[in-house]
Amino acid sequence: MEQTKRIKISVLTIFPGMFDILKNYGVIKKAIEKELVEIDIFNLRDYTTDKHKITDKPGYGGQNGMVMLAEPFYRFYDEFILSKSHKPYIVLPSPQGKVFNNDLAFELAKKEELVFFCGRYEGIDERVKKIVDKEVSIGDYVLTGGEIPTMVIIETLLRFLPGVIGSKTSVENDSFYNGLLDHSHYTKPQNFRGMKVPEILLSGNHERIETFRKKESLLKTILKRPDLFIKKELSEEEKKVLIVLIQEMFNENSNILKESHDV
Ligand code: ADE
């Protein structure tokens, strides 16, 4: 039986309402209901010190735009984080962070408690980074704030928590999990506008279906993401599947073999 693991996630943001989208739909809503995850959203304005609840001021050095104040983040840290017996792992989504991928999601999913600091405007006062454990970027482009990156990171890491996704194998078969892209998927009808489901998927022969899917995964990765394939350490089984795949291709196109010999 899969072990139950719970994770607690807190988010500090000036737009708490944005997280309704994350919490109130689909798989994550169910995970909250099943108490596999607790997601608490904190309003950064509640940690400000002035009556206007200001969270940003113009940056020093004559730059354009506003910078988020360090004080509300530190007040949250003092009140919420330092009061705990164990320190949660603090993530700051930022275009300057380590680029997010499945491996990093897997690592974050192992933590007991995570806190996300969402920045806005030109950025956060650099001194906030002193209390941050990891800066994470979701890609080499810039968004207007850390809320959407936080949601992307949370959604990805929660898929690794046992019980969040229906079956463990569906996570293991996902793209990137084993360094390869996922195989294709089909549902009813068998013939959709003249496009047929591959015969083998209707055969009921699980071993052959498994091999067919492995072939597809390998081939798709080679054709669409050669960068992933180069990094991939192939298992003995995957090498065998690849050999059969190449043999089949060469048998069907014996000319290729002939031409390559002629070169
Ligand atoms: N904030 C703005 N752009 C971002 C990015 N690419 N990744 C994470 N946080 C961000």
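Buried here means under 20% relative accessible area, exposed means over 50%, and partly exposed is whatever falls in between, with a 1.4 Å probe and protein chains only. The model is a predicted one, so to speak of local features takes a pLDDT of at least 70 and side-chain atom pairs count only at pLDDT 80 or more, while totals for chains, interfaces and linings use all residues. Residues are numbered from 1 along each chain as its sequence is written, and side-chain values use heavy atoms, with hydrogens and water left out.

Phe-76 and Phe-117 are both buried, and Phe-76 comes out at 0% relative accessibility. Helices (H or I, at least four residues) and strands (E, at least two) are DSSP runs, numbered from the N terminus.

In total the structure has eight aromatic pairs. One of them is Phe-76 with Phe-80, whose ring centres are 4.8 Å apart with planes at 25°, so this pair is stacked. Both residues belong to helix 3 (residues 70-81), where they are four residues apart, or about one turn of the helix. Phe-80 is buried as well, at a relative accessible area of 14%. Ring pairs join Phe-76, Phe-80 and Phe-117 with Phe-42, Tyr-47 and Phe-73 in a cluster.

Two lysines sit over ring faces (NZ of Lys or CZ of Arg within 6 Å of the ring centre and within 35 degrees of the ring normal). Lys-84 is over Phe-80, at 4.5 Å from the ring centre, and Lys-111 is over Tyr-89, at 4.2 Å.

Most residues other than glycine have a negative phi, and most peptide bonds are trans. Glu-35, however, has a positive phi near 60°; this residue is in the loop between helix 2 (26-33) and strand 2 (37-43) and is exposed, with 55% relative accessible area. Lys-53 also has a positive phi, about 55°, and is found in the loop between strand 2 and strand 3 (56-58). Lys-53 is partly exposed, at 39%. The bond from Lys-188 to Pro-189 is cis, with omega near 0°, and Pro-189 is in the loop between helix 6 (168-172) and strand 8 (191-192).

As for annotation, an unreviewed UniProt entry gives residues 7-229 as "domain: tRNA methyltransferase TRMD/TRM10-type" (positions are in the numbering used here, feature names are shortened, and annotations may be inferred rather than shown by experiment). That span is 32% helix and 20% strand, and its end C-alpha atoms lie 32 Å apart. The unreviewed entry also annotates a "binding site", with Ile-138 and Leu-143 among its residues. Leaving aside residues up to four places away in sequence, Ile-138 is in contact (heavy atoms within 4.5 Å) with Phe-100, Leu-143, Pro-149, Val-152 and Ile-153.

Key. Phe/Tyr/Trp six-rings, centres within 6.5 Å; stacked < 30°, edge-to-face > 60°.
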